Amino acid sequence: MGLILDHTTHDESLAPDDVRLSLKPVTAAPGPLDGAWWPRSRDLAAELSALTATPDAPWGRIARVAVNPHFWPAVPRRAAVAGHVVPVDWFTADQDPHKLLLLSRDTGRWDLLVIPPETDSDTAARLLSAAADPHITATAGGLLAVERLHGAGSA
């Protein structure tokens with residue numbers, strides 16, 4: 001399983017085992033997002049296992065995950081991540097529905113834009129790139145709103 005950091009990569013060129021992920025450079029200033037993740041499905045337990053098992057990921061050992069359940073049909077109380085089980089919390093009022101939080105004892109907190117799995121590859125490539133750009137300080141919901149306007153403008 002590989003870590004995809006090429007922000008212009010399209011879905012067709014990805015191997016089935018690749019995690020579709022982009023991250024800001026480690027040296028980037030803190031902001032509302034640390035990158036983006038494009039899961040293949042809305043099966044949160046399976047997708048978390050794939051995301052957190054990425055060997056090159058910089059987050060170390062994940063201790064907790066938090067999501068907004070709005071777009072996930074089922075949110076497990078616990079999930080297997082990288083060989084251990086972690087609690088999965090969900091919040092509706094305080095968390096952007098398009099964001100996933102990974103909390104690590106080793107490296108702190110990782111806030112990722114969750115790109116809906118049904119997103120076309122061109123749109124996903126733009127969102128992966130924007131969320132990993134250290135100069136863009138938009139929130140997860142903000143990036144998706146801009147993308148919706150971009151899509152409506154080009155239609």
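**Sheet, helix and cavity**

Trainee: How many bridges join strand 6 to strand 7?
Mentor: Strand 6 (residues 99–104) and strand 7 (residues 108–114) run antiparallel. Strands are DSSP runs of E of at least two residues, numbered from the N terminus, and two of them pair if DSSP finds at least two bridges between them. The model is predicted, with pLDDT of at least 70 required for local features and 80 or more for side-chain atom pairs, while totals for chains, interfaces and linings use all residues. For strand 6 and strand 7, the number of bridges is 6.

Trainee: Which residue is the bridge partner of Leu102 in strand 7?
Mentor: Residues are numbered from 1 along each chain as its sequence is written, and side-chain values use heavy atoms, without hydrogens or water. In strand 7, the partner of Leu102 is Trp110.

Trainee: In what order do the 7 strands lie in the open sheet?
Mentor: The pairing in this open sheet is mixed. Its edge strands are strand 1 (21–23) and strand 4, each of which pairs on one side only. From one strand to the next the twist averages 30 degrees, with axes fitted to C-alpha atoms and angles from 0 to 180 degrees between N-to-C directions. The order is 1-2-7-6-3-5-4.

Trainee: Which residue in the turn of the hairpin of strand 4 and strand 5 has a positive phi?
Mentor: Strand 4 (residues 78–81) and strand 5 are antiparallel and share 4 bridges, with Ala79 opposite Val86. The hairpin leaves 2 residues between the strands. The positive phi, about 50 degrees, belongs to Ala82.

Trainee: Why do the buried residues of helix 1 lie on the same side?
Mentor: Helix 1 (residues 44–52) has as its buried residues Leu44, Glu47, Leu48, Leu51 and Thr52; helices are DSSP runs of H or I with at least four residues, and buried means under 20% relative accessible area with a 1.4 Å probe. These residues lie on the same side of helix 1 because around the axis they cover an arc of only 120 degrees.

Trainee: What volume has the largest cavity?
Mentor: A cavity is a set of points on a 1 Å grid where a 1.4 Å probe fits but cannot get out, and lining residues have an atom within 4 Å of a point. The count is 1 cavity of 30 Å³ or more. Residues lining the largest cavity include Arg42, Phe71, Trp72 and His98. Its volume is about 70 Å³.

Notes
On a 1 Å grid over the protein atoms alone, a cavity is a set of points where a 1.4 Å probe fits but cannot get out, and a pocket is an open set with protein on both sides within 12 Å along at least five of seven lines; lining residues have an atom within 4 Å of a point. Grid points are joined across faces, edges and corners, and a volume is the space filled by probe spheres set on the points. Buried means under 20% relative accessible area, exposed over 50%, partly exposed in between (1.4 Å probe, protein chains only). The arc is that of the directions from the helix axis to the C-beta atoms.
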